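Please look through the chain below before reading on.

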Amino acid sequence: MRRWRLVLGGDGAEGTGCVLGGRDAAMDGALASLYGGGEKKGRERSAGLGASAPSVARWLGDIRTYFPSSVVQVMQRDAIDRLGLSALLLEPEMLEAVEADVHLVGTLLSLNKAMHETTKETARAVVRKVVEDLEKRLATRTRATLTGALDRSARVSRPRHHDIDWNRTIAANLKNYLPEYRTIVPERLIGYGRAAQSVKKDVILCIDQSGSMAASVVYASVFGAVLASMRSISTRLVVFDTNIVDLTDQLDDPVDVLFGTQLGGGTDINRALAYCQSQITRPADTVVVLISDLYEGGIRNEMLKRVAAMKASGVQFVTLLALSDEGAPAYDREHAAALGALDAPAFACTPDLFPDVMAAAIERRPLPIPDMHTHR
């Protein structure tokens, strides 16, 4: 009954008859401040954080006391969305009190132009903490997965036993099948090579920086920095709305990349892809990753022609509708279907899946597309 009372919020008609006290009452107060105390007849649910920074700071401290970090992040997000607290995040004291996560970083980036220099310093510290945590979680697996893919993409004809690519070796020697022994005599062995330290693949990350793509921009910037740290991959990072900004020179610090973006504005995918196309010098060794919800404000047919031309030249083209943990994204289904018809399927990707997607693109094998039936 205690749990039901906390869920239902204390409205007179809830029917639990449960009275809260002590810590439970304080927890209920923190919830009621954000989500209201129940439905009022003829009125919306009310909320009571007020507009003052001190009361919000106290509330942020309370929810960190009563709830685990994952719940605190959800409540902070709801407070920003429901109660319009974005302006308070321009205060350094407020930023020091919040629980930092990817969604908060997206909000800070959208407020970047409105911040005073003192606030920007605090905001950069918050963003750097989130970025460093993401790098620790994602970098090791990404490097290991892509190093293996680069090794396997380099074929050799005299491999050591543990480097033999058995599927390709068998396919190349089927003519040497001996029926009486039910075996194949391999005249030619095909094996995986070991990627040298020279650049083997070029990767271009082309990121839509419209407001709905905030989390994707954060993750893409982190992955861009990880890829740029690998000597066998040449990485270029391009962000766009109706304008295009090449942030490749800042890839050694993803925080600089993030503060070089400007979330919001229109979208011109065709123009962004035109720029990326102009940077391709080795089509057969290039992977272009477009991260966008595909709501195109530019010339749709030209965009599709450009994708088709890149694929025809040998470029591996990947379209991600989102690169985040936020679930199914909103996207332009007509454009996604058109790209699918060009054998460039568009799908949402979680950060944990991204290394496998990139490995498949590097090896030129089918992409590990989740929920294929849904995306069709």
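Leaving aside its neighbours within four places in sequence, D101 is in contact (heavy atoms within 4.5 Å) with Q73, R77 and V130. This is a predicted model, in which local features need pLDDT of at least 70 and side-chain atom pairs count only at pLDDT 80 or more, while totals for chains, interfaces and linings use all residues. Residues are numbered from 1 along each chain as its sequence is written, and side-chain values use heavy atoms, with hydrogens and water left out.

**Around D101**
- D101 is found in the loop between α5 (92–97) and α6 (102–110), where helices are DSSP runs of H or I with at least four residues and strands are runs of E with at least two, numbered from the N terminus.
- D101 counts as buried, at 7% relative accessibility; buried means under 20% relative accessible area, exposed over 50%, and partly exposed in between, for a 1.4 Å probe and protein chains only.
- A polar atom of the D101 side chain lies 2.9 Å from the backbone nitrogen of L104.

- Not counting residues up to four places away in sequence, V289 touches several residues, among them I204, L205, V318 and F354.

**Aromatic rings**
- The count comes to 1 aromatic pair, where rings of Phe, Tyr and Trp (its six-membered ring) pair if their centres lie within 6.5 Å, and planes under 30 degrees apart count as stacked, over 60 as edge-to-face and the rest as tilted.
- The rings of F223 and F354 have their centres 4.5 Å apart and their planes at 40°, so the pair is tilted.
- Because F223 lies in helix α9 (residues 214–228) and F354 in helix α14 (residues 354–363), the pair ties together parts that are 131 residues apart in sequence.
- F223 is buried, with a relative accessible area of 1%, and F354 is buried, also with a relative accessible area of 1%.

**Confidence**
- The mean pLDDT (the predictor's confidence in each residue, from 0 to 100) of the chain is 82, and 85% of its residues reach 70 or more.
- Confidence is lowest in helix α15 (residues 372–375), at a mean of 45, and highest in strand β8 (residues 286–291), at 96.
- Where pLDDT is low, the predicted coordinates should not be read in detail.

Conventions: A polar contact is a pair of N or O atoms within 3.5 Å; within protein, one must be able to donate a hydrogen and the other to accept it, and residues adjacent in sequence count only if both atoms are side-chain atoms.
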